[in-house]
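This report covers a sheet, a helix residue and the nonpolar cores. The structure comes next.

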Amino acid sequence: MADASTSTHPDAAREAAVEKALAALGLDDKARLLAGQDMWSLPALPAVGLRSLVMSDGPIGVRGVAWSADDPSVALPSPTALAATWDPALARRAGRLLAQEARRKGVHVLLAPTVNLHRSPLGGRHFETYSEDPYLTGEIGTGYVRGVQDGGVGTTVKHFVANDAETDRFTVDNVVAPRALREIYLAPFERIVRNARPWGIMSAYNRVNGPTMTEHRYLQNAVLRGEWGFDGFVVSDWLAARSTVGAALGGLDVAMPGPKTVYGKALADAVRAGEVEESVVDGAVRNVLRLAARVGVLDGAPPVVDPAGHPATVDGDALAREIARRSFVLVRNEPAGRTEDSGDHTTGETPAALPIDPAAVRRVALSGALARDARVLGGGSAQVFPHHVVTPLDGLAAALPDGVLDYRVGADPNDELVPAGKGFGLRAVCRDASGTVIGSAPLHDGTLQWIGDDLPEGVTRANLHSVEITGTFVPRDSGEHVFGTRGTGELTLAVAGETLYDEIHRVVSADPGEAFFGNPLERGRITLAAGEPVEVSLRQVPETLGDDAPVLGVSFALCHLGPRRDPAELIAEAVDAARDADIAIVVVGTTERVESEGFDRTGLALPGHQDDLVRAVAAVNPNTVVVVNSGSPVELPWREEVAAVLLGWFPGQEAGHALADVLLGAEEPGGRLPTTWPVALADVPVSNTTPTDGKLSYDEGVFVGYPAWERAGTAPAYPFGHGLGYTTWEYEGIDAGPDGATVHLRNTGTRPGAETVQLYLAPRDAAADRPARRLAGFARVEAGPGESVRAEIRIERRAYEIWDEEAYGWRFLPGTYEVRAARSVDDVRLTAVVDVRAADVP
Ligand code: BGC
C-alpha cells in the first residue's frame, strides 16, 4: 500500500495510519488487541494490516520467545556493570546491538531497561538495575533506550514505579512521600521519557501509596502521560493486571501475558455494561497501534527506522568484552604486602599489584569455583542463553603462556541444587495419555521451558500428557550425588534404575516466576562413580496445559548437585598452589540462590567458605588479587589483607577475556562504583525490604544512597563513584558557572588512560531536609601520558530544584553553591563557588 510518508512528516503519516486502522476496528477486536495472545505477543489483526507485536526480555540480551539455548543470545554484562561504565554513549551502543539481536529473533519490543533504584542492597534484582543515583540511572537508561530505538525496536522502561525490592512484590504497598517519589524514584523515568522518548513503559506489580500500579490513575495518566507527555504504550508486568475496569481507567494499555487476562472479552463486556467508556479503549488501542507503526508492523505506516537505515552490524562478542572491561571497578590496588590503603598509587617505586606483567610471571595461582563455573548473568527474567561463555579460567589460560596458570577450586559456594549441566546428555520425550511417543526435542541442560503452544513438532496442548527429561549422566566426581526437581505436577525421578521420587507436587503461587526460577527441591541422593555413565529420567505430568492455568506451557527442571568435598581440604590445595606463585588470583562471588528475581537477599556475606579461602591464600601470598563476581554489593571483610580487589559484576559471556585484558594490562579497568559499597550490612543506612502489614515505608525520604551514608556519618568500604585505573590524574583547574563547568586535567602517569570526572553540587546553606551534595553531571575523558584534556560538563536546571509538595511543582533554590570536581563523592579534587539565580540556568 502506498503511504503518505513521501509528502508528510513521518509522525503525521504514522498517526494517519493509526487513526485509519482504529476507525476500522470493532469493539471486540480492539479489546482483543489489548490482551496478550500468549506469553510474549499481541494478536495480529490482518483486516487492518496489523501483524503480531512480539516482546521479549531484556535487559542484557534478547532471549526471544523460547526459554532455552535453542536460539542463543549475546549476553552483555549485568545492568550494574553497564552503569559502572558511567558512559551513556556505550549504553547506546549496547542498545543498538540489542536491537540487532531483537530483529534477528523477530522481536519488536525489548522488555527493558530496568530503572528502579538501588534503595537497599538486599533487593534481589539490584544487579538488574543501574544505580543508587537517579541522575546516573536516568543517563544510562537514556543512552540504552536511544540505542535500542535507533535500531527500530521498542523498549519498555520498567518497572513503573518504586519496584525496588522483591519481597511480596505482588501486594506490597510502597509508601513514598511525594518529594522522594519525584526526586528519586520517578526521576529516572522522567529523564528517559523526556530525553529518549521511549515507545513503552512497563507498569509494576506493587502498589504505591495505595493503588496498585496497573490501576494508578495519578501516576500513569496524570504524571506519565499528562505532565511528561509520554505517547507510548503502557504494558503490565507479567500478571500484574488484576482488574478490568480498574486497569482500563488507570491507564494500562496492554495486559500480559495471555491468553488469560483481564482485558480481551472482559474489557469488551465492561464497555457494553457501561463500566468503561469506549473512548478509553480507543485511547489504549491508539497507543498500541502507534507502537506497531513505529516498529513497522502496521501497513501504511512508515517505521521510525527504515530497514535500509539500520545501524551497521555490531560485533556482539567484541562489544560484550569491551563493556565488561570498561565496567570492572578496581577498588584497591596496592603493592604486594602493603596492608594500609594509601589510595591511588599506580605509579611509584614499588609497583601496585595490577596490572600483572605477563612477561615477568612464572606462576599464577588461580582459585575459586566461580573462576571455572563463572556466573556471568543474574537470575530470573533477565536470563538469556548465550552461545558460549568464556570463564576466567578459559580467559587467563588463553592469555598466559602454557604452564603458567595453576587452577584449584579452593572453595565452592554452589552448594545448592541447580539445573543438571556438565556431564549430562539430555533430551525431552513427549507422550500422549496412552504412553505413545508423540514428539521429542534436544535439551541443553536439565531445564525444560516450553511456553504456550511452543511445543515440539507433532505435540499439541491437546494431545500432550507427559514429558520426560531423559538421558545419561557421566559424573565428574565419585561420591554422593544429590538430585532434585523444579516445577509442579506429577513428578517421577529415577537415577541409575532407582526411583528417587514419585509424587504429585503442587505449589500455590501467584508469581509467574515460580515455574521458571522457583527453588529446586531435593528428591534423593545416590552414590555414583566418576566416569561411569548412568541413566537419568524425570517425568512430569504437567498441570499447566489447561486453559485455566495462569501461564500456559510446560516448565520443569532436573536438578543436580555433585559430591561436596571437605572445605578445609579444598582450601589447603589452593593455599599450596598459591604459596609459590608470583601472584594469586581468587575469584569469589554469589550464586543463583543469592541474586535473582522473586526474592530478596538475606545478607551480604559471600556464601560458603569463600572468605576463608581468601584469607588463607592472602596469608601465604602477599600478592593476592581478589576478583568479585557479583551483581551487587557483598561484604569483603579481608579487603585490606589483599593487594588488589577488582569488582567484576556479572560480566556477561566474554567474562574471562575481559578479565585477562584488565589483569594483564592490555586494557585498564574503566569502572566507577554506581552504588556505595558497604563494609557490612549493619552499616547500610537503608536496607529493609520486608513490608509490615503489607506496607513498606520509604521513611528515609530523599536520603537514599550516598546522601543517606553522609547523613548517617558512616564510612562505607568504597564510596559512590570510586574506581582506579592504571594511570594517575592531576586535576589542574576548574572554570565553573551556574550552568556547568570545564575541568582541566592531565594524565600524569606513564600509560594512556580514561578518567570519569564527576561534578557534585553542594549548596552552602543546605537545609536539613536536603542532601548536602548530589551528582549533577559527569564526563569521561581520555588522554595519553603527560597529555592534558578538558572535561566539559553541563549542569541542568533540575540540579537546583526540589519538589515542592505544597506548591505542587519544582522549586528552584537560588543561593551559593560549591561545584566540586571529584573522582568519587568522597574524593574531591577541585571546588569552585558559584552564586546561582534562577535566570542563570536555562
Ligand atoms: C518481570 C519483568 C519481565 C516479565 C516477563 C516479570 O516477572 O518482573 O521484568 O519483563 O516477567 O518475563
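## Strand pairing

Two strands count as paired if DSSP finds at least two bridges between them. The model is predicted. In this model, β34 spans residues 815–824 and pairs with β35 over nine bridges. The sense of that pairing is antiparallel. Within the pair, G815 of the model stands opposite V836 in β35.

## The open sheet

β34 and β35 belong to an open sheet of four strands. The order is β30-β29-β34-β35, with antiparallel pairing. β30 (774–783) and β35 (827–836) are the edge strands. Each of these two pairs on one side only. On average, neighbouring strands of this sheet are turned by 20° against each other, direction ignored.

## N287 in helix α11

Helix α11 runs over residues 278–295 and contains N287. Is N287 buried or exposed? N287 is buried, because its relative accessible area of 9% falls under the 20% cut-off.

The N287 side chain makes a polar contact with the side chain of R290, at 3.2 Å. Leaving out residues up to four places away in sequence, N287 touches R225, D231, G232, F233 and D253.

## Nonpolar cores

The largest nonpolar core holds 134 residues. F160, V161, Y185, W238, Y263 and L298 have the most contacts inside it. Which helix gives the most to this core? Helix α11 does, with nine residues.

Terms used: Residues numbered from 1 in each chain as written. Predicted model: local features only at pLDDT ≥ 70, side-chain atom pairs only at ≥ 80, totals over all residues. Heavy atoms only, no water. Axes fitted to C-alpha atoms, helices over the stretch in contact; angles between N-to-C directions. Buried < 20%, exposed > 50% of the residue type's maximum accessible area, 1.4 Å probe, protein only. Polar contact = N/O pair within 3.5 Å; in protein donor to acceptor, adjacent residues only side chain to side chain. Contact = heavy atoms within 4.5 Å. Core = buried A, V, L, I, M, F, W, Y, C linked by side-chain atoms within 4.5 Å.
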